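Trainee: Could we go through this one together, starting with the terms?

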Amino acid sequence: MQCRRRLAPLLRAPPPKSLLPRLLSRLVSSSSPSPPPSGGGGDEAGDGSVAGVAVKQVTRGNLAEALEELRARVRDAAFVGIDLEMSGVTSAPWRDTFELDRADVRYLKLRDSAKRFAVLQLGVCPFRWDPAKSAFVAHPHNFFIFPRKELPYDSSSHEFLCQTTSLDFLAKHQFDFNTCFHEGISYLSRAQEEEALQKLNVQHHDGISACISKQEDVQLKSTADLLFTERMKIRFNEWRDAISTNPRVDNHKLGSNKFSTDQFQTVFFKMRPAIMLDGFTSHQLKLIQQVLRKNFRDLMYICTFGEDGTSEKRVVYTDNNEDSILLMKDVQDDLLRSRKAKVKSAIGIRHVIDLIASEKKLIVGHSCFLDIAQVYSKFIGPLPSSIKEFALAINRIFPYIVDTRHLMSAGDAVQRLMRQKSKSLSSAFSLLCPAFHPTAPEASILAPVKIEVEADETTYGLS
């Protein structure tokens, strides 16, 4: 009822009566590789301009820039059109949907499809009414999507089915598979993000993420191991004595310390004197940790990770036991913040869905039940087991959704006109907007609606 009340002004105004079928026809022909409304040969330019309409192509390389721009477009929009391209629709003939299917049966079939097939492209087009121009201004965006493993500590992998007819359709309409697979934007659903953050919090609470080793003693089985441990004991003892006898040492003096070598780089870490360990084998590092545990209560072995994921090993001087505990907590907090930032960056294309959901705009699609199910499955979480639960869940996220195909079936007048026609966008376009369709048998009594399409500072007028 809320949706109907919100849509009513749009349907009552003279120009917009013909707007939804026409705009959605423009949207699908420009933001996805579907055939043009005329039913003729494809006239896609293949360079981000489809059928004379400018479309902003978005990959992981320009996502941040496009998202910032889209944020303002969606905020000012009267409604937002969406459309998805997928790797398939049905995994078996008996899972095809039919007009006579009960709602719960149809939902279970679409639920199975959303679980099995991948989303390869998301088309988003905010429409803003410009009263000065008496026109709608559209900003179509194409987001290439490809799921990949973004978190190094996440053991899960992405698997999906491909349907040959779907891939053949995409290929015939110049879908760029190379861009999709190489530059497609990955994502984490809300459920995956929550699970990843919970794992990090558990690790942080247990002290695992600090990388502060508490290993069992290493057996010294060779003369080389004995000589190495004794040499390390002497070097660390001399370095510690030099630090403790000169507590006011500054960065310059510390860097020129006589104990600095290629393997021992004297630095500061967390405002404390430290030695950066470089060029040691993993076995030698274990021996160093053992030397520190047994002989130096005020020296701590700390392993941290840089932004590129490479590990950095240090031996840090601490004043006392309380200082050691504080240092350990600082390292744990740093690692937790770093990993949370990686989780945040792995959200990817879901930022677009979160943006649309936060603005509570009217969402318009054509035959979009499967599209909405895919959006929920990929970007929210596992689909509910029943259609009632799904309807309640999706209504909390997108409270206003209009399916133009459903409107064609719900309106008695339109249904009579469409009885002998398919309910595709091109059929609706030719029937409801005959003045703009070359094969239409009759002229439209409705005034035309002016549409301006803007992308990358280029404007295309449609009327």
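Mentor: Buried means under 20% relative accessible area, exposed over 50%, and partly exposed in between, with a 1.4 Å probe and protein chains only. This is a predicted model, in which local features need pLDDT of at least 70 and side-chain atom pairs count only at pLDDT 80 or more, while totals for chains, interfaces and linings use all residues. Residues are numbered from 1 along each chain as its sequence is written, and side-chain values use heavy atoms, with hydrogens and water left out.

Trainee: How many salt bridges does the structure hold?

Mentor: There are 22, a salt bridge being a side-chain nitrogen of Lys or Arg within 4 Å of a carboxyl oxygen of Asp or Glu.

Trainee: Glu193 and Arg350 meet in one; are they buried or exposed?

Mentor: Both Glu193 and Arg350 are buried, and their side chains meet at 3.0 Å, N to O. Glu193 lies in helix α7 (residues 190-206) and Arg350 in helix α12 (residues 350-359), so the pair ties together parts 157 residues apart in sequence; helices here are DSSP runs of H or I with at least four residues, and strands are E runs of at least two, numbered from the N terminus.

Trainee: And what about Lys133 and Glu452?

Mentor: Their side chains also form a salt bridge, at 3.0 Å, N to O. This pair links Lys133, in the loop between β5 (119-130) and β6 (135-138), with Glu452 in strand β14 (residues 450-455), 319 residues apart. Lys133 is partly exposed at 36% relative accessibility, whereas Glu452 is buried at 10%.
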